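Here is a briefing on a protein model. Look over the sequence and the structure before you read the points below.

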Amino acid sequence: MDLSGAQLLVRLLENQGIETVAGIPGGTALPLYDALAESNRIRHVLARHEQGAGFIAQGMARVTGQVQVCIGTSGPGATNLLTAIADARLDSVPLVCITGQVASGAIGTDAFQEVDTYGLSLPITKHNYLVRDAADLPGVVTDAFRIAASGRPGPVWIDIPKDVQTARVPVCCLPEPAVADRVPPLDSDLLEAAARLIELSDRPVLYLGGGVISSGAAAAVTAFAARIGIPAAMTLMGLGAMPADHPLALGMLGMHGARFTNNILREADLLIAVGARFDDRAIGHAARFCPEASVIHIDIDPSELDKIRTATVGIVGAVKTVIEALGPRVPARRRGKWLLRVAALRETMPLLEPDGDDPASPYGLIRTVADCVGDDAVIVTDVGQHQMRVAQAYPFRRPRQWLTSGGLGTMGFGLPAAIGAALAEPGRKVVCFSGDGSLLMNIQEMATAAEEGVDVKVVLMNNQSLGLVQQQQELFYHRRVFAADFRKSPDFLTIARGFGWHAVDLDREARPRAAIGEALRRRGPVLIHCSVDAAEHVLPMVPPGAALTEMIGG
Amino acid sequence: MTSCETVTKDIDIPKATLELSVRNHPGVMSHVCGLFARRAFNVDAIACVPEGDGRQSRIWLMVSDDDRLPQMLRQVEKLEDVLAVVYHGGEHPLFTGLAEYVR
């Protein structure tokens with residue numbers, strides 16, 4: 001069999017089980033697109049901006065846990081993809097990003113739409129390739145999928161010059177589809193040391209990160225916590241690891257965590273960090289985080305151990321495997337006094353949700369949506385005040401129910417990620433909470449959503465401001481609000497309708513709760529618009545650089 | 001390239017030499033040097049030669065042996081094209097020999 005490089009690439013993607021890809025064509029990607037047109041197994045979703053394509057692929061990857069693919073052309077196609085790929089890197093999302101490149105002979109000549117994609121993608125990917133020979137494609141593509149899925153997941157970039165796409169290559173058979181590498185066996189001495197620390201601890205706390213979700217360990221960790229009786233705080237990325245209404249669940253820790261959560265951590269004598277990386281937004285001032293605690297750190301990435309906080313016992317391994325191996329070694333022990341203390345702190349320092357009963361307020365909107373859609377729905381956010389409020393207040397009860405841009409904090413993540421989630425799991429409702437600042441950053445994807453007819457609802461909390469920026473200026477920059485308030489705001493309802501969306505304005509609804517329910521039940525893309533007050537801060541808040549217990553408000 | 005080529009005068013900090021076995025292709029130096037540069041970890045000296053049939057190369061890096069080095073080592077070991085890393089305490093005779101050329 002004799003194929004072009006592009007045809008071979010499409011066969012390799014099919015072979016890898018890829019059913020949907022998101023992208024935008026352009027000059028140097030045309031051979032690939034011509035080959036994609038011949039495929040009856042891969043559906044191409046045409047985004048309206050390459051960053052949208054990257055986040056659509058992320059949405060698919062975050063809900064399924066499988067490697068997903070986005071495609072762009074050279075030059076601006078590649079640079080537009082960078083943000084979505086950097087975001088995937090920081091949140092450990094498995095992607096394969098494929099771009100066209102100018103022909104091999106033109107590389108380095110400043111050719112039309114030439115950019116150094118290899119150099120640009122190097123620091124934001126797990127690994128990257130510039131394919132120089134079509135015969136290398138089977139090895140490169142297989143390795144790319146293997147690397148993206150192995151260990152700590154992440155994005156891999158494959159840049160393919162146009163002449164490599166058109167070159168003919170003899171192909172006898174396709175390689176076996178890539179699978180994730182096996183993780184080295186666990187060290188039983190370390191497991192035993194960890195088990196003894198837990199057994200002897202009087203005030204242990206679990207600190208659950210996104211690694212619990214990506215390792216498929218949520219049920220195992222919840223069972224472990226329940227059997228041994230250890231309360232668990234979750235990071236932004238770890239929400240859903242333990243059901244929010246579980247008696248041992250402490251909600252989110254960190255900059256906008258509840259006061260009781262951060263104060264319980266302050267009193268812990270043992271911190272069990274599971275798939276978490278001691279990010280500054282989660283732990284505040286590193287040296288003053290859990291000052292009295294020994295640390296057990298479990299992570300699949302060896303470079304995370306001792307990076308910020310030296311572990312008393314560090315265990316490298318897949319979270320699920322480690323927890324399942326650790327569980328039987330730890331005897332259950334009643335820690336009545338500690339759990340009473342936890343309950344007392346929870347009682348005296350609860351998370352306040354101002355105006356939670358008003359469905360046209362930020363917390364009320366979140367509550368109302370949660371009451372309407374149930375646990376099956378996928379909840380997505382953009383970045384800002386609305387994101388922190390959803391993280392604080394939404395009752396997440398399962399892993400992969402919650403998609404948010406954690407590490408990079410990318411405004412514009414929400415809408416395209418929601419489209420990706422809806423494409424990958426068409427049976428689920430997908431609700432994206434957004435703000436006016438964030439929504440404007442990828443609003444062109446409303447066209448993609450309308451074209452695909454995805455069941456996506458955008459709940460827009462419109463404060464005509466970059467709310468979290470304004471909040472920081474008011475709190476830490478002498479109330480000088482500068483370049484954070486929009487002096488003119490677009491009519492989002494007209495815009496949504498112009499894209500072919502249904503739109504509901506809660507500002508004009510006499511019965512907002514009923515209007516929200518009706519809008520959520522409707523199939524297809526819907527914008528639910530609600531004006532909110534920019535003067536309302538997200539509280540409590542740890543000032544940047546302060547210790548977790550030095551909180552403002554709430 | 002960035003910090004790979006800079007030579008600083010922080011002579012008080014003890015030195016170590018990292019010896020890397022890497023896959024030999026045009027991007028590998030970018031991967032190694034870029035990692036050190038973006039983590040603001042200075043490389044004082046660098047040498048690279050192809051091995052045997054040219055499919056692999058050997059890279060020596062002279063770096064500061066400070067308390068951030070263990071974290072850098074873990075990061076280097078994560079690079080896909082780095083096959084092995086050997087740590088040598090102190091300066092390597094390779095670099096003492098090279099110093100002759102810049103006298």
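Helices (H or I, at least four residues) and strands (E, at least two) are DSSP runs, numbered from the N terminus. Chain A comes to 22 helices and 20 strands. Chain B has three helices and four strands.

This is a predicted model: local features need pLDDT of at least 70, side-chain atom pairs count only at pLDDT 80 or more, and totals for chains, interfaces and linings use all residues. Residues are numbered from 1 along each chain as its sequence is written, chains are lettered from A and ligands numbered from 1 in the order in which they are written, and side-chain values use heavy atoms, with hydrogens and water left out.

**Chain A as a whole**

- The radius of gyration is taken over C-alpha atoms, and the globule rule is 2.2 Å times the number of residues to the power 0.38.
- For 554 residues, a compact globule would have a radius of gyration near 24 Å, and chain A agrees with its 24 Å.
- Along the principal axes, the C-alpha atoms of chain A fill a box of roughly 70 × 65 × 45 Å.
- Buried means under 20% relative accessible area, exposed over 50%, and partly exposed in between (1.4 Å probe, protein chains only).
- By that count, 57% of the 554 residues of chain A are buried.
- Contact means heavy atoms within 4.5 Å.
- Take the contacts in chain A with a separation of 6 or more: residues 24 or more positions apart account for 75% of them.

**Chain B as a whole**

- From the N terminus on, the elements of chain B run β-α-β-β-α-β-α.
- Of its 103 residues, 42% count as buried.
- Among contacts in chain B between residues at least 6 apart in sequence, 76% join residues at least 24 apart.

**A residue in chain B**

- B:Ser21 sits in strand β1 (residues 15-23) of chain B.
- B:Ser21 counts as buried because its relative accessibility is 15%.
- Beyond its neighbours within four places in sequence, the contacts of B:Ser21 include B:Glu51, B:Arg58 and B:Asp81.

- The expected span of a helix is 1.5 Å times one less than its number of residues.
- Helix α3 (residues 50-64) of chain A has 15 residues and should span 21 Å; its end C-alpha atoms are 21 Å apart, which agrees.
- In α3(A), 14 of the 15 residues are buried, so the helix is largely enclosed by the rest of the structure.
- A:Gly65 follows α3(A), and its phi is positive, near 80 degrees.
- A:Asp34 lies in helix α2 (residues 30-37) of chain A.
- A:Asp34 counts as exposed, at 53% relative accessibility.
- A:Asp34 and A:Leu271 are 237 residues apart in sequence and 54 Å apart in space, C-alpha to C-alpha.

**Backbone details in chain A**

- A cis peptide bond joins A:Leu539 and A:Pro540, with omega about -5 degrees.
- A:Pro540 is found in the segment after β20 (526-531) of chain A.
- A:Ser92 is not a glycine, yet its phi is positive, about 55 degrees.
- A:Ser92 lies in the loop between α4 (76-90) and β5 (95-101) of chain A, and at 14% relative accessibility A:Ser92 counts as buried.
- A:Cys290 is another residue other than glycine with a positive phi, near 45 degrees.
- A:Cys290 is in the loop between α12 (280-283) and β13 (294-299) of chain A, and at 2% relative accessibility A:Cys290 counts as buried.
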